[in-house]
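Subject: Structure handover

Hello,

Here is the structure for your files. My notes on what was found in it follow below.

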Amino acid sequence: MKKIIITACIFSILSINTAFGKDITVTVNDMPIPYTQNPVIKNNTTYVPMKQTAEAFGAVVSWNEPTKTVIARKGSNIISACVNSKTLMITKNGKTQNIVMETPAYIENGTMFVPLRPLTQAFHANIIWDKNTNIAKITNNSFIISEKTEQKTIQNKEGVTVWEAHISYPELQRNSEAFSKINEIISNDVHTSLSDTENEIVADDINTDLDNMLPYTFDCTYSITYLDDNTISILLDYYELTGGAHGMPYRQAYTFDLNTGNQLQLKDILNLSETDITEFVKNAFKNNIEQNPDNYFTGAVETVDSEHFMYDFYIEPNKIIFFTQAYLLEPYANHYQPTIVNIEELQNKLKINISTNGF
């Protein structure tokens, strides 16, 4: 009789634990994540399927079988977790750091589970746990960004692929006119560049004896360099290879007002006249060239003062960064040399707030 009672108690406890796990809900900006396998609580830790959770952050997720690793990519950010490891590895702009989890990742029914809180930390998210309802509420501006990807190929009449394109660009996820406006600008620019390049390809005129120089390629990648409640700064990096020692890079920068969808120019950011802005930017470039002459062409300072000088800019936390396209001021190996202006140098010249921790 005692054995029956003990068995019944154990069954009851297991049933409670199972129900508790099934009742866990994880929301991103109030939208529940539609898990195919439910989050669970083990050792007082909430575990979630990493793939679907990372996808809710706007990441593209892949599986590396030899290393048993889930890899989540979002723009220039990479977050990875290996089975039985307590480490989340985070790579951003070529720099890697680790978040140590109290309990390791594990696989169940073919799905990698990781602790929820460290994963949200890796995506710079805020999380609130409601113990009364078993709801984990996640909020963070980075979740408004998803990644759009496309691929195209061109073959000649023999069926040989002579050109291929791989493009990825951000899409802001919110039902607002401002976000729709931003998405339209980005998408139109990407697809215009893609179409212009594609239309230049005459498949049957390309020499297929080039072996390792084919196929020609067109790539577009992106990075989010700044994001707060009001402002986003985005880089699109294009690379076109049509033979030769290397391809041709091109960078397009955008800074948008998230409330209006308007693309911001320097006159919208700096409380200076257009003449003063031009002088300010040119002086910043010339100072950088004089401090780092080996990175630039001889005569780069004269180019800055010439009618051929053109530049663009983007924002990072606590700074504005200016750059030119390849070959204007610097050799190919040094293209996109950054001319950095820290916010402290601008004092009361700013029209908008640029924080130290945007994104």
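In the hairpin of β14 and β15, Gly 159 has a positive phi near 85°. Five residues sit between the two strands of this hairpin. Glu 158 belongs to the loop between β14 and β15 as well. Glu 158 counts as exposed, at 57% relative accessibility.

A word on provenance. This is a predicted model, in which local features need pLDDT of at least 70, side-chain atom pairs count only at pLDDT 80 or more, and totals for chains, interfaces and linings use all residues. Residues are numbered from 1 along each chain as its sequence is written, and side-chain values use heavy atoms, with hydrogens and water left out.

Overall content: eight helices and 21 strands. Both are DSSP runs numbered from the N terminus: helices are H or I with at least four residues, strands are E with at least two. Of the 359 residues in the protein, 43% are buried. Take the contacts with a separation of 6 or more: 52% of them join residues 24 or more positions apart. Contact here means heavy atoms within 4.5 Å.

Strands

β14 and β15 run antiparallel and are joined by 11 bridges. (Two strands pair if DSSP finds at least two bridges between them.) Ile 145 has Leu 172 in β15 as its bridge partner. β15 also pairs with β16, this time in the parallel sense, over five bridges. There, Trp 163 stands opposite Tyr 216 in β16.

Cores

Which residues touch the most other members of the largest nonpolar core? They are Trp 163, Ile 186, Val 190, Ile 232 and Leu 236, in a core of 31 residues. A nonpolar core is a set of buried Ala, Val, Leu, Ile, Met, Phe, Trp, Tyr and Cys residues joined through side-chain atoms within 4.5 Å. The elements that give two or more residues to this core are β14 (145–155), β15 (161–172), α4 (177–198), β16, β17 and β18 (248–257). Beyond its neighbours within four places in sequence, Trp 163 has contacts that include Ile 154, Leu 194, Ile 201, Pro 215 and Phe 218. Another core lies apart from the largest one. It has 29 residues, among them Tyr 35, Ile 79, Ala 81 and Ile 138.

Aromatics and charges

Rings of Phe, Tyr and Trp (its six-membered ring) pair if their centres lie within 6.5 Å; planes under 30 degrees apart are stacked, over 60 edge-to-face, and the rest tilted. The count is 14 aromatic pairs. Phe 57 and Phe 123 make a tilted pair, at 4.0 Å centre to centre and 40° between the planes. Phe 57 is in the loop between α2 (50–56) and β5 (60–64), and Phe 123 is in the loop between α3 (116–122) and β12 (126–130), so the pair ties together parts 66 residues apart in sequence. Phe 57 is buried at 0% relative accessibility, and Phe 123 is buried at 7%.

Phe 218 and Tyr 238 are also a tilted pair, at 5.9 Å and 35°. Phe 218 is in β16 (216–227) and Tyr 238 in β17 (231–241), so this pair ties together parts 20 residues apart in sequence. Both residues are buried.

Phe 285, Phe 309, Tyr 311 and Phe 322 form one aromatic cluster.

Two charges sit over rings. The charged end of Lys 42 is over Tyr 106, 4.1 Å from the ring centre. That of Arg 251 is over Phe 323, 5.7 Å from the ring centre. The test: NZ of Lys or CZ of Arg within 6 Å of the ring centre and within 35 degrees of the ring normal.

The buried residues of α6 include Ile 277, Val 281, Phe 285 and Ile 289. The buried residues of α6 pack against α5 (266–269), α7 (300–304), β20 (319–323) and β21 (339–342).

Ala 326 lies in the loop between β20 and β21. Ala 326 counts as buried, at 10% relative accessibility. Its contacts beyond four places in sequence are Met 248, Pro 249, His 335 and Tyr 336. Ala 326 and Arg 251 are 75 residues apart in sequence, yet 8.9 Å apart in space, C-alpha to C-alpha.

Best regards

Note on methods: Buried means under 20% relative accessible area, exposed over 50%, partly exposed in between (1.4 Å probe, protein chains only).
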